[in-house]
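Hi,

Here is the structure I promised to pass on to you. Have a look at it first, then read my notes below.

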Amino acid sequence: MSPAAPEGPRLAAAAGSGNALELRGVTKTFGALAALSDVTLSVRPGERRAVLGSNGAGKTTLFNCITGDFLPSSGTIRLFGEDVTRFPAHERIRRGLRRTYQISLLFGGLSVLDNVYLACRGVGRARFSLVRPRRSDPVMAQAQDLIAAVHLAAVQATAVAALSYGQQRQLEIALALAGAPRLILFDEPAAGLSPAERADLVAILTGLPAHIGFVIIEHDMDVALRVAERVTMMHNGRIFREGAPAEIEDDVEVQALYLGGGHGGGGGHG
Amino acid sequence: MAVAETASGTTPAPAGRIPPRYWVTGALLLLMPAIANDFFLYQVFGWAFILGTIALSLQFLAGYGGMVSLLQMSVAALAGYVVAILGTSGTVALSLGWPWWVVIPIALAGACLFATAVGALAVRTEGIYMIMITLAIAAAFFYFTRQNYSIFNGYSGFPGVVPPPVLGLDWRQPVPFYYLTLGVALVCYLVVLYVARAPFGLALQGVRDNPRRMAALGFDVFWHRVLAQGFAAVIAGLGGILLVWQNGQISPGTAGLPAVFDILVVAIVGGLRHPVGPYIGALIYVLLRAFAPDVLQALGLSGERFKMVVGIGFLAVVWWSPDGVLGLWDRWRALRAAGRDPLTGRAGR
Ligand SMILES: Nc1ncnc2c1ncn2[C@@H]1O[C@H](COP(=O)(O)OP(=O)(O)O)[C@@H](O)[C@H]1O
Ligand SMILES: [Mg+2]
C-alpha cells in the first residue's frame, strides 16, 4: 500500500478542485427512516478510504447516493469538482466513478467475457454499435486483460451464473476496473470470501495504480486497515468518527460501538 | 499468429458445425416452389414470412429488450401507408407516384422515426404499463387513419398498391413473391441474430436483465431502449411494405386492434427466446387461419369460429409452455437426451 499523499496536490490541481468526492449535508430518507443524515465527507484524488459501521448504518445508501442509484433527499454531491447531485448514474460513471455491489449484480446468462466486454463498452465509445467485435477489437483485448487481472482467465467463456461465489465477487471488481476509473466504490468486496480469496483481493486493491482512489466498505478490520489510509466510521446514518486507521482502532467509543457491539470485527456479513 | 487469427475470424464457420436441421430447412424453403402450389406459396408461406417478420420486431424488443410493445403492427402499417401515399396506388388523387427507390427508404425512415418518438414515451414505463401505453397509441393510430381523409384517405385507404416491376418481374406472382418474402424474412432473421451478439444487442440484454447495473456501467438505459424501438421499427416496416404489396391495398383495418393482438399472439406462440420463434408462430397462425374454417364447417360449426380456435390454441400454448413452441422443442430435446443417457439428464442446448 503506497500512500498517495505525494500524488494528491498534483492531481487535485488537474481536477480543478481539491477533492475527488465531496458530499455536503447529504440526507436520504425512506419514509420516516433517515438512512443518511447530514453526511459531509470528502475524499482526495487517489485516496484510499474505508467506511466502517454496523449493518444498517447507511453505508450502502451512501454509495447509492454517490453513484446516482438514489437521488439524495437533500444536500449536494460533487465529483471531481463538478456538482453531480442531479446527474443520472451513467453520467457519473462516464466521469470516472465506478462501483461494485454488495450483492453481486451481474448478467448471469452472459459469459464472463461478455460481462467485462459490456463494462468496457459502457465507458467507451460505440455503445450502440451494431457491428460484432472482431478478434482484434482493442476493447476485447482490454476486457481480456481485466479478466486476467482478477484471475478469471480460465473461466472467461463460462456463463456467470455457473461461477462460484468468490469468482462472482472477483468479476464485480473487474467490471469496476473497466475503462479509466478515477474513484471506485467497493461495497463489502471481501464478504463471504475464503482467506485465500481475501489475500487475493487485498493484493488486487493494493496493486491499483496510485491515481485510482477508492472507498471501501469493509467489515473485516484486517482488510480495511491494510488497504486504507483513512477510515470513516458511520452509525445510524451519520458520520461518527474519521481518522487514520490507528486512531480509529484505538478510539474507545468506536470499540464500544463497533468492535464490542455484538457485530464482531470479522467478515461474513451478507 | 496474426494471420491465423485473421483467417479464423473472417472465414465463415465450417459447414460441419451447422446442424443438419438448418440444411434441411434451408433446402426445403429454397425448393418449395417445386413442391407447393400457388396458394401455399402466396397465401401460406408469403403471409407467414410477412407476419413472422413483423412479429420478429416484437421478439427483438421483448426477447432481448424485455419490452412488450403492441405498436409493431401500427409501425408496419405506417410504412405500408407511406408506400401507398408516396408511391402509386388506385387512389390516384392522393398518391404522389414517386419511384420505389425513393419511397421505400422514406417509408422505413418514417416507421423508425415514429417508433423512436413513441418509444421515448413508452420506454419510461415497464411491463403491463408499457403494454397499455403502446395499446393506447396503436388504437389512436387506427382511429386516426380511419378519420383522416386528407392523407390516409380514411375508411377506404388505398387500393391498387402493387410492388414495382423491378428486373422486369411481376413480384405479385406467387413464385417471385415467395422468394421476395423469403429473402426479406431471412435477411431480417440473420440481422437480428447478428445484432443480438453485437455490443448494441448485448447491452440491450443487459438492460433487460438489470437496468440499474447497466447504468452503473455507463450505459444510458433510456436511449438504449429508445434506439431498440427504432431498430425494431425498420424490421416491422419491411414487413409492412410486403404486407401492403401482398394485400394490394392498405386501409385502417390493416392495423386494427385484432391485427395488433395477432402479432403478440404469433410472437408468443412461437416463442420470444429466439428469432426463429415468430416465424414458427406465424406459420401456425396462417395454417390455422387457412384451414380451421374448413375443418370447423366440416364439423358443422360456423367458419367464423376460427378466432376461437386461435384463442384456445393460444391459451393452450401459454398454459403448457410459457416459452411457446420453442419451449416445447427444448423440452422434447431434453427428454430425448435424458432417454439416451440418464446420467447427463437435461442436456440443454
Ligand atoms: N431502498 C430502500 N428502501 C427503504 N429502506 C432502505 C432502502 N435501502 C436501505 N434502506 C434502509 O436504510 C438503512 C441503511 O441501509 P444500508 O445503507 O443498506 O446499510 P448498510 O449498508 O450500512 O448495512 C437500513 O435501515 C435500511 O433498511
Ligand atoms: Mg450495505
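**The magnesium site**

The magnesium ion (ligand 2) is held by two atoms, OG1 of A:T60 and OE1 of A:Q102, at 2.0 to 2.2 Å. Donors here are N, O and S atoms within 2.8 Å of the metal (3.2 Å for Na, K and Ca), and since water is not among the atoms, sites may look incomplete. The two residues come from distant parts of the chain, 42 residues apart: A:T60 sits in helix α2 (residues 59–67) of chain A, and A:Q102 in the loop between β6 (97–99) and α4 (112–122) of chain A. Helices (H or I, at least four residues) and strands (E, at least two) are DSSP runs, numbered from the N terminus. A:T60 has 25% relative accessibility, so it counts as partly exposed. For that word, buried means under 20% relative accessible area, exposed over 50%, and partly exposed in between (1.4 Å probe, protein chains only).

Before you go further, some ground rules: this is a predicted model, where local features need pLDDT of at least 70 and side-chain atom pairs count only at pLDDT 80 or more, while totals for chains, interfaces and linings use all residues. Residues are numbered from 1 along each chain as its sequence is written, chains are lettered from A and ligands numbered from 1 in the order in which they are written, and side-chain values use heavy atoms, with hydrogens and water left out.

**A sheet in chain A**

Chain A has an open sheet of four strands in the order β2-β1-β4-β5, with antiparallel pairing. Two strands pair if DSSP finds at least two bridges between them. At the edges stand β2 (33–43) and β5 (82–83) of chain A, each with a single partner strand, so one side of each has no neighbour in the sheet.

Strand β1 (residues 21–30) of chain A is joined to β2(A) by seven bridges, and the two run antiparallel. You can follow the pairing on screen: A:L21 has A:V43 as its bridge partner in β2(A), and A:F30 stands opposite A:L33. The hairpin of β1(A) and β2(A) has two residues between the strands, and A:G31 takes a positive phi near 60° there.

Most residues other than glycine have a negative phi. A:N236 is in the loop between β9 (230–235) and β10 (238–243) of chain A, and is exposed, with a relative accessible area of 55%.

**Helix α6 in chain B**

Helix α6 (residues 127–147) of chain B has 21 residues, which should span 30 Å at 1.5 Å a residue; the end C-alpha atoms are 31 Å apart, which agrees. The expected span is 1.5 Å times one less than the number of residues. Among the buried residues of α6(B) are B:M130, B:I137, B:A138 and B:F142. The cover over the buried residues includes α4 (72–86), α5 (100–122), α10 (221–247) and α11 (257–270) of chain B.

One residue of α11 in chain B is B:V260, which is buried at 1% relative accessibility. Leaving aside neighbours within four places in sequence, B:V260 is in contact (heavy atoms within 4.5 Å) with B:L70, B:M73, B:S74, B:A138 and B:A255.

**Aromatic rings**

B:Y81 and B:F158 are an edge-to-face pair, 6.1 Å centre to centre with 80° between the planes. B:Y81 lies in helix α4 of chain B and B:F158 in strand β1 (residues 158–159) of chain B, so the pair ties together parts that are 77 residues apart in sequence. B:Y81 counts as buried at 1% relative accessibility, and B:F158 as buried at 0%.

One aromatic cluster is formed by B:F39, B:F40, B:F45, B:F49, B:Y178, B:Y179 and B:F291.

Enjoy exploring!

Notes: Phe/Tyr/Trp six-rings, centres within 6.5 Å; stacked < 30°, edge-to-face > 60°.
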